[in-house]
Amino acid sequence: MCYLYIDLFLQIAVCLCVSLLELANRLCLNRLINLVEERVSEDLARIALSDPNEAIDLCIRLLEPVKVLLVF
């Protein structure tokens, strides 16, 4: 909501970004999609420097919803 009203992208938990990306895609908010992707990439890179195993776990959690969509 903050993005829609004041054009600011606040901190978001990595585990919530998939839902936000889905919503932004439905609303054709390309700039918000880019901001979320950039923030997640930066957060994962930062986490990977300190704890690579945690970064792997977060990546797997991010990909989990995609797996559901690919099941036929």
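Author: Here are the pocket, the core and the salt bridges, in turn. This is a predicted model, where local features need pLDDT of at least 70, side-chain atom pairs count only at pLDDT 80 or more, and totals for chains, interfaces and linings use all residues. Residues are numbered from 1 along each chain as its sequence is written, and side-chain values use heavy atoms, with hydrogens and water left out.

Reader: How much space lies in the largest pocket?
Author: About 290 Å³. A pocket here is an open set of points on a 1 Å grid over the protein atoms alone, where a 1.4 Å probe fits, with protein on both sides within 12 Å along at least five of seven lines. The volume is the space filled by probe spheres set on the points, which are joined across faces, edges and corners.

Reader: Which residues are closest to its centre?
Author: Met1, Cys2, Tyr3, Leu20 and Leu32, out of 14 lining residues. Lining means having an atom within 4 Å of a point.

Reader: Which helix gives the largest share of the lining?
Author: Helix 1, with three residues. Helix 1 (2-6) and helix 2 (17-26) each supply at least two. Helices are DSSP runs of H or I, at least four residues, numbered from the N terminus.

Reader: And how do the lining residues divide: nonpolar, polar, charged?
Author: 13 nonpolar, one polar, no charged.

Reader: Switching to the core. How many residues has the largest nonpolar one?
Author: It has 16, and Phe9, Leu20, Leu32, Val36 and Val40 have the most contacts inside it. Helix 3 gives the most, six residues. Such a core joins buried Ala, Val, Leu, Ile, Met, Phe, Trp, Tyr and Cys through side-chain atoms within 4.5 Å. Buried is under 20% relative accessible area, exposed over 50%, partly exposed in between (1.4 Å probe, protein chains only).

Reader: What is Leu32 in contact with?
Author: Tyr3, Phe9, Leu20 and Ala24, leaving aside neighbours within four places in sequence. Contact means heavy atoms within 4.5 Å.

Reader: Now charges. How many salt bridges?
Author: Two. The cut-off is a side-chain nitrogen of Lys or Arg within 4 Å of a carboxyl oxygen of Asp or Glu. Arg26 pairs with Glu22 at 3.1 Å, N to O. Asp43 pairs with Arg46, the closest N and O atoms being 3.5 Å apart.

Reader: How are Arg26 and Glu22 separated in helix 2?
Author: By about one helical turn, because they are four residues apart. Arg26 is exposed at 65%. Glu22 is partly exposed at 44%.

Reader: And Asp43, buried or exposed?
Author: Asp43 is buried, at 9% relative accessible area. Asp43 and Arg46 are three residues apart in helix 3, so about one helical turn separates them.

Methods. Ala, Val, Leu, Ile, Met, Phe, Trp, Tyr, Cys and Pro count as nonpolar, Asp, Glu, Lys and Arg as charged, and the others, Gly among them, as polar.
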